Amino acid sequence: MISTSGSQFKTLSSSDPQFHSYLRGTFSNDQMAIPVSTLNVRSQIEEVTFELVDKKDISKPSRFAVLLKLLRPQTLTFSVGTMIVSFIVATRLHLELDPILSLLTIFAVLFFHAAVNLLNDYYDHVKGHDRINPRGGSRVIQRAWMPAHLVQKIGFGFLGLSFLLGLPVLFSHSSIVIALAGISALAGLEF
């Protein structure tokens, strides 16, 4: 992957004060810490060995390709499919759809979908799921294409955009939105 003959490695236990700064990618402005080995994940004796690599030595695709990988467009059918079915049902029932609210809803759902994917990548990395599962997540953090803390910030940014775009819908149809939010929350907890 990135290993070079002059690689440096550092092993930290979860009790080490620097542990989370290495996992999140905030320990240095010039280096990335790539987890290469994780032992006793989610325990008090968890240990992670990091390969320390200069950021300039990391080969990665374009920012657009990295963001696309993070967004995992192959999972969009879960969000977009529900919207399409909803619009079809509304049309069949001859319900009047406000085009602006419909467009805001579409974008709010898409931004929410993006936020869920990015935050899932971040938390699965920090908790160890994606560090021990070589197929888990988008692998953007594990390949050092983007530090975990930045993935988290972008995820919260998308979540904020989703919330802001959803506000007009909430104010226009609060009872429907509250019912759908409750159902979505239950589905999210199950996920």
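Begin the tour by selecting Ser-102, which has its place in helix 4, where a helix is a DSSP run of H or I with at least four residues and a strand a run of E with at least two, both numbered from the N terminus. The structure on your screen is a predicted model, in which local features need a pLDDT of at least 70 and side-chain atom pairs count only at pLDDT 80 or more, while totals for chains, interfaces and linings use all residues. Residues are numbered from 1 along each chain as its sequence is written, and side-chain values use heavy atoms, with hydrogens and water left out.

Stay with Ser-102 for a moment. Ser-102 counts as buried because its relative accessibility is 13%; buried means under 20% relative accessible area, exposed over 50%, and partly exposed in between, with a 1.4 Å probe and protein chains only. If you set aside the neighbours within four places in sequence, you will find Ser-102 in contact with Phe-87 and Leu-97, contact being heavy atoms within 4.5 Å.

Next, select His-94, in the loop between helix 3 (76-92) and helix 4 (99-127). Is His-94 buried or exposed? With 72% relative accessibility, His-94 counts as exposed.

Now turn to the aromatic rings, of which a search of the whole structure finds four pairs. Rings of Phe, Tyr and Trp (its six-membered ring) pair if their centres lie within 6.5 Å, and planes under 30 degrees apart count as stacked, over 60 as edge-to-face and the rest as tilted. Select Tyr-22 and Phe-27, a stacked pair because the ring centres are 4.1 Å apart and the planes stand at 10 degrees. Tyr-22 is buried at 6% relative accessibility, whereas Phe-27, with a relative accessible area of 21%, is partly exposed.

Phe-50 itself is buried, with a relative accessible area of 0%. Show the three residues together, and you have one aromatic cluster made of Tyr-22, Phe-27 and Phe-50.

Finally, zoom out to the protein chain, which has seven helices and three strands, arranged along the sequence in the pattern β-α-β-β-α-α-α-α-α-α. Its C-alpha atoms fill a box of roughly 65 × 35 × 25 Å, taken along the principal axes, and 34% of the 191 residues are buried.

The protein chain averages a pLDDT of 87, and 94% of the residues score at least 70.

Terms used: pLDDT = per-residue confidence, 0-100.
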